[in-house]
Amino acid sequence: MNKILILSLFITMGFVSCKNSEKGIDKIEIAKQYYSVLDNSDYSGINAWFADSLITKEGKYEQTYSQNEYLEFLKWDSVFDPSYTILEIEQQDEIVKAKISKMDKRISFLHEEPFITSQVIRFQKDKIITVATDYVNFNEKTWERNKTELLNWIDKNHPDLNEFIHDQTETGGIKFLKAIELYKNRK
């Protein structure tokens, strides 16, 4: 009787294991966790979805980040109090495609409306290895006008803040935000 029970238990475990491996990894859920981390600026679970390195692509621009480098970039992003909203998300074979709306204090000032992007997320096993971004609604004219006005005014009135535009660290983000606030309160 015990032999039959033990044999039945092993057979059941075998079927469950096969079924779970066939199901695979829920890449949409991993992508949703990624956007939730970005939206909440809570990076404590970064190892859950992040491979040893991450490649980001925006048009022809490509950047490879280590975990520590990407964490520093995320700290820069969090300074601006970002809000990420998933508009659409679907899995196609081994990739996830998402349409995302992002708004924060920097985007509000420079772009005057949320960024809408199409993103393709690639995985290696259960970890994100690449995020490719295409901007759906980037208004280059508005962005450049506002950026130029800000940089010119800061250069004249607060040269100690120069170079914030290229500093994608938490300190650089704080300077960027301070520059925006000073510019808005200039009158």
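**Figure 1. Lys147 and Glu144 lie 3 residues apart in helix H6, a separation of about one helical turn.** In this predicted model, the two side chains form a salt bridge with an N to O distance of 3.6 Å. Lys147 is partly exposed, its relative accessible area being 22%. Glu144 is likewise classed as partly exposed, at 31% relative accessibility.

**Figure 2. A salt bridge joins Glu112 to Arg145.** The closest N and O atoms of this pair are 3.0 Å apart. Glu112 belongs to the loop between helix H5 (105–110) and strand S5 (115–124), whereas Arg145 is part of helix H6 (residues 140–157), so the contact ties together parts that are 33 residues apart in sequence. Glu112 has a relative accessibility of 48% and counts as partly exposed. For Arg145, the relative accessible area is 37%, which also places this residue in the partly exposed class.

**Figure 3. The side chains of Lys57 and Glu62 are paired in a salt bridge.** The N to O distance is 3.9 Å, and the pair is counted because the cut-off for a salt bridge is within 4 Å. Lys57 is partly exposed, with 32% relative accessible area. Glu62 is partly exposed as well, at 47% relative accessibility.

**Figure 4. Asp77, Lys102 and Asp104 form a network of salt bridges.** Side chains of opposite charge can pair when their charged atoms come close. In this view, the linked residues are Asp77, Lys102 and Asp104. Across the whole structure, the search finds 6 salt bridges.

Terms used
Residues are numbered from 1 along each chain as its sequence is written. This is a predicted model: local features need pLDDT of at least 70, side-chain atom pairs count only at pLDDT 80 or more; totals for chains, interfaces and linings use all residues. Side-chain values use heavy atoms; hydrogens and water are left out. Buried means under 20% relative accessible area, exposed over 50%, partly exposed in between (1.4 Å probe, protein chains only). Helices (H or I, at least four residues) and strands (E, at least two) are DSSP runs, numbered from the N terminus.
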